[in-house]
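Please look through the structure below with the contact between its chains in mind. The text after it starts at that contact and then moves into a single chain.

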Protein chains: 2
Amino acid sequence: MSDEKLTPRNVDFSEWYNQLVLKAELADYAPVRGCMVVRPYGWALWENIQATLDKRFKVTGHVNAAFPLFIPMSFLEKEKAHVEGFSPELAIVTIGGGEKLEEPLVVRPTSETVIGHMYAKWIKSYRDLPVLINQWGNVVRWELRTKLFLRTLEFYWQEGHTAHATEQEAREETRRMLGVYADFAINEGAVPVIQGIKSETEKFAGAVQSTSIEAMMGDTRALQSGTSHFLGQNFAKAFNIQYLDTNNTLQYVWTTSWGLSTRFIGAIIMTHGDDQGLILPPRLAPIQIVLIPIYKNDAERSAVMPVVERIKAELAEFRLKVDDRTEVTPGFKFNDWEMRGVPLRIEIGPKDVEKGTVAMARRDKPGREGKSFVPQAGLSRTVGMLLDEIQASLLARATTFRDSHIFDPKDYAELTEVVQNGWAYSYWCGDNECEAKVKEDTKATTRCIPLEQKEEKGKCIVCGKNAKRKVYFARAY
Amino acid sequence: MSDEKLTPRNVDFSEWYNQLVLKAELADYAPVRGCMVVRPYGWALWENIQATLDKRFKVTGHVNAAFPLFIPMSFLEKEKAHVEGFSPELAIVTIGGGEKLEEPLVVRPTSETVIGHMYAKWIKSYRDLPVLINQWGNVVRWELRTKLFLRTLEFYWQEGHTAHATEQEAREETRRMLGVYADFAINEGAVPVIQGIKSETEKFAGAVQSTSIEAMMGDTRALQSGTSHFLGQNFAKAFNIQYLDTNNTLQYVWTTSWGLSTRFIGAIIMTHGDDQGLILPPRLAPIQIVLIPIYKNDAERSAVMPVVERIKAELAEFRLKVDDRTEVTPGFKFNDWEMRGVPLRIEIGPKDVEKGTVAMARRDKPGREGKSFVPQAGLSRTVGMLLDEIQASLLARATTFRDSHIFDPKDYAELTEVVQNGWAYSYWCGDNECEAKVKEDTKATTRCIPLEQKEEKGKCIVCGKNAKRKVYFARAY
């Protein structure tokens, strides 16, 4: 990393983000427009996200598989809304093995179609249901405006695809997996999210109903951080996925799909980061603790290093790195690991060795407040508690920030103001026109109609007609 | 799975393989020619392969990252041998976002070029070296004759790419990673492999020297099961990957690459499988133990199931599945799990409950020999030992089979005979012509010149000229 400081967030949030992703070596620009290279530090973060999500998928009965990268163009055309939604974003292979292909192949933008084709082959009877399969992989969407992690031509994600005997089961699955995403985001990412239903305009191309988790970034813009779709029988009918029920009658299955992508890394960066760099939640951080030996000469080094090695061994249960580089100063190291968002720094110098203590610095509380000197004895327990505290504190801070930027505007004029620096939570009649008007006037879109909401009586903030439910309006990534 | 038996291996080995992959639900044909769907059971096997390999990569200092799927066509052209080798096998994207692309994009067949481009950007000084990065992902090679796992248009693999300051370091890395593959294949896969150097004809397009691990399948054909390449400065010069050495002089780096793919699943199938189906090595098996309750009525069921649940809990350290399906008979289940290659079957019936025993059946020893009745007490220890024994026995059996099919033909005529049902291990002068003659006459190719071989004096089995080293000739997949 370089010594230059980041552009402060309040000067240019977008520029701060771009610089940070590069400087923290999370990702880099690939030579193909809009594509990214996820560097080892970023990929380690993604692997931790994968591991914690995958565990949750297993608990909910899902298994992993791998479906092909290439999909015949004709497959997409079988589901009308799907092909309309994805057509403008496709990368298409027209040449294979030196010859022009008879049928062009789409590089998968998502896999409902090809998985639907396979499910039609595999599913015969009610005994084969439910099918609960997830896939970790890469997909391609030809985006015009790209940004590392948030919107890239190729990105990494998981896509769950399930098939059920009944509508109710499929609807339950859609909600269950949305709940899994919310639980993951909140408890692993320390990213407070709101679960809700997308509007008709914002739903997935081919879904009956889309749901999402929505998070507020440090600039108050919304980031859709995971989606779960109830697909009804749309894909079942397009791909003829049928089963014999207990009465020996052919029935179409009901399907769902749900995905969470490397975009979530963007959510972590923009939820927690500050002007010094990343702040990673301890549960997902590739490095939870950095241990920095402090010494001025060989004698001090000889005193310090054995203690460093002993403490490293004692803290083996944590993801810990000893930074024993000799070509840079401790000050450089402090800045470097702050930039990379390591939650906890431990310094050990000659005086600490004498006193049997270490100096600790919390990444989430810069300056004196986050500094403490603690005994080496029982350090593992101290560190464990501190990491839990940091995790909780990040979530609390992000929640406070979000809640203080959610407004209940009294009229449309106020709505257009508040969405410039926050979200509006307002009654909406559900009409496309009202949604479109807000978007045109303010660039804010409907994010989601939160699940946890009683039906009440209100007036649409746009047109004044009767409305039953509130929606979040926000400018979004 | 269906009730039909597999075509026996000695009737048609290839057909046995194709049927088995489908029936054991390891993989299926995708709707695009030559592509595969890896089904959950096959993917779980691959995930176990990934986990055990990844652990070895970490121990040897490597980190994971993700490089893009698309590579500009011009990149491949920068390394002459590389583009010549891969050109006929490329899938090419010519349309993106509805428009014809100015420069066609290759779907990566391997990533030396794009990674070389990034390394040139990242590597500045000797302090940045070595760079030791691995990537897990998918690649595409437009093969004409395909076979599930062994040769598919898209396949899954890992590709390691390292850059070093010196030639010696890079050569050592090439051998180290070949050693890692051999250790993995032998100790996890129970697949005995031979480490060796590929001939000039058989080497990777762009390598200075290629090495491989070679295994003998059940039909005596050879399967290249992993490769490790010393790339010299070929890609360093093509992509201008330079560093400032300690004297502040610009130097080209030395690079390596190494890969192991889903092809290894084919190696496991064809090394261990028998006419009843798969036999999976316990260390990699997705299910190590299947527990089958045996009962005729509700009373027996009530007696048996609590014991089944208790034993399941006691064996929690193993990957265990209870098959409590009620719609199929125990006999069907036995065949089903034999087909799927589960190493150990435990049956628990009313008599076992009375006696405090269980019946166990080893997959590697069908019939009486593999059956035993053991006490429920201490079962975890018994099972652990038995799985180790199965693992060792599979390796021993495969090694014996291989060694009994490696021949030392006395002349060329005998060579042409023995390679019809085995490998020939013979002196070779190293000339392309001799290699080509064997291939034309017998379809056997040189597999590798084994590393562990003293230089001796011999005569080339083909031309009779002086030769220093022996090579394996074999028909290969």
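The contact takes 44 residues from chain B and 44 residues from chain A, where two residues are in contact if their C-beta atoms, placed from the backbone, lie within 7 Å. The model is predicted: local features need pLDDT of at least 70, side-chain atom pairs count only at pLDDT 80 or more, and totals for chains, interfaces and linings use all residues. Residues are numbered from 1 along each chain as its sequence is written, while chains are lettered from A and ligands numbered from 1 in the order in which they are written.

On the side of chain B that touches chain A, strand 5 of chain B gives the most, with six residues. Helices and strands here are DSSP runs numbered from the N terminus (helices H or I, at least four residues; strands E, at least two). By residue class, this side of chain B divides into 30 nonpolar, seven polar and seven charged. Ala, Val, Leu, Ile, Met, Phe, Trp, Tyr, Cys and Pro count as nonpolar, Asp, Glu, Lys and Arg as charged, and the others, Gly among them, as polar.

How does strand 5 take part? Strand 5 (residues 91-96) of chain A and strand 5 (residues 91-96) of chain B pair in the antiparallel sense over five bridges; two strands pair if DSSP finds at least two bridges between them. Within this pairing, I92(A) stands opposite I95(B), and A91(A) has G96(B) as its bridge partner. Strand 5 of chain B also runs antiparallel to strand 6 (residues 99-107) of chain B, joined by four bridges. There I95(B) stands opposite K100(B). The hairpin of these two strands has two residues between them, and G97(B) takes a positive phi near 55°.

How are the two copies related?

Now take chain A alone. Its secondary structure comes to 14 helices and 26 strands. The domain assignment, which is automatic or from a database, gives domain 1 (13-272), domain 2 (289-402) and domain 3 (406-474). The centres of domain 1 and domain 2 of chain A, taken over C-alpha atoms, are separated by 38 Å. Ten residues of domain 1 of chain A are in contact with nine residues of domain 2 of chain A. The domain 1 side of that contact divides into seven nonpolar, two polar and one charged.

Chain A also has an open sheet of four strands in the order 20-21-26-22, with mixed pairing. Strand 20 (406-407) and strand 22 (445-446) of chain A stand at the edges with a single partner strand each, so one side of each is left without a neighbour in the sheet. Strand 21 (residues 423-428) and strand 26 (residues 469-474) of chain A pair in the antiparallel sense over five bridges. In strand 26 of chain A, V471(A) is the bridge partner of S426(A).
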